[in-house]
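Here are my notes for your first look at this model. Keep the viewer open and check each point as you read.

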Amino acid sequence: MSALTAASADSKRALRIAQFQIHFCVLLWGFTAILGKLISLPALALVRWRMLIVTLALLIVPKVWRGLRAISPRLLLSYALVGLFVALHWLSFYASVKLANASVGATCIAIAPVFLAVLEPWLARRKFRWHELWIGIGVVPGVALVVGGIPGEMRMGVLVGVVSAFFCAVFGALNKRLVDHADPFTVTAIELGTGALILWLIASIVPHEGSVFDLPNLHDSFFLLVLAIACTLVPFTLSLVALRHLSAFAVELAVNLEPVYAILLAIPLFGEQRDLDLAFYLGVAIIIGAVLVHPVLERRRPHKVETNVAGSVD
């Protein structure tokens, strides 16, 4: 076997592993909207505790401290900026869940590929791909059907969900640009630690329900631990590993399956099928179709492992 053939085989194997990793992450993320519904805390407090618990868990890992000591101030600031957008994404996501329901909040994230098709080539400095834009636009009718299939009082939740999708696209594209420059555990600690700090400052300044020093009750504490460790620390870090071999667009398109898991869980737990009609499920079917079409189109292109072409940011 020639060196070129061996390299191609290794590249395809790495791609398959990355695809498996991201779909496992999506399965875990499917529980986040459900847990957000089960936790009684308002969105700001929920996200603040979620990010703080993950950060504290990572700070007991020696490898994270070694990574922090090795990172340059400029790169540290870059990851901190990403952490700001992660915090804004999660804050608006859980606000959408509270204003509408778990199914709607998760489905609105499906609009993120439209933003990513434009933002990723610019922020991650790679070639613009028209088929990604068309696939992203193809998801929009699905989201529109979802919007049309819900009660009018949930429409504000949809609007906030679209804002959440935009923030999701921004931090996904930025992470693609920066992902190769530091260990994933260290990156997770910086981004979520920064997000927790920003939300704590917001809570100290902006009037909101409760106090910044309020502790969650036993019921909320249990579900917060599950949310932070099983549905945040594990998939967030693993998604950074997968992002080294996939485009941010491919990752986000796979994440569009998250509402499928959320809906399947929300129906028996919350009876949310009472709020949803046929148009909602038709919209979800369109979204799933876009997820399935993208890998077919990608296989027709010459395979090349995604790499960061932004150059050093140290």
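This is a predicted model: local features need pLDDT of at least 70, side-chain atom pairs count only at pLDDT 80 or more; totals for chains, interfaces and linings use all residues.

1. Start with the nonpolar patch. Helix α1 (residues 3-29) gives the largest share of this patch, three residues. The patch lies on the surface and is formed by F20, F24, L27, F31 and V234. Together these residues have about 460 Å² of accessible area.

2. V234 sits in helix α11 (residues 218-242).

3. Compare H89. This residue belongs to helix α5 (residues 73-99). H89 counts as buried because its relative accessibility is 7%, and the cut-off for buried is under 20%. Which residues does H89 contact, leaving aside neighbours within four places in sequence? They are I109, S164, F167, C168 and F171.

4. Check the length of helix α3 (residues 43-58). It has 16 residues, so at 1.5 Å a residue it should span 22 Å. The end C-alpha atoms are 23 Å apart, which agrees. Helix α3 is also mostly covered, with 13 of its 16 residues buried.

5. Finish with the whole protein chain. It holds 14 helices and zero strands. Of its 314 residues, 54% are buried. The chain exposes about 14000 Å², and carbon and sulfur atoms supply 72% of that area. Among contacts with a separation of 6 or more, 90% join residues 24 or more positions apart.

Definitions and conventions. Residues are numbered from 1 along each chain as its sequence is written. Side-chain values use heavy atoms; hydrogens and water are left out. Helices (H or I, at least four residues) and strands (E, at least two) are DSSP runs, numbered from the N terminus. Buried means under 20% relative accessible area, exposed over 50%, partly exposed in between (1.4 Å probe, protein chains only). Contact means heavy atoms within 4.5 Å. Patches are made of residues with over 30% relative accessible area and no salt bridge: like charges are joined within 9 Å, nonpolar side chains (Val, Leu, Ile, Met, Phe, Trp, Tyr) within 5 Å. Accessible areas come from the Shrake-Rupley method with a 1.4 Å probe; for residues, only the protein chains shown count as cover. A salt bridge is a side-chain nitrogen of Lys or Arg within 4 Å of a carboxyl oxygen of Asp or Glu. The expected span of a helix is 1.5 Å times one less than its number of residues.
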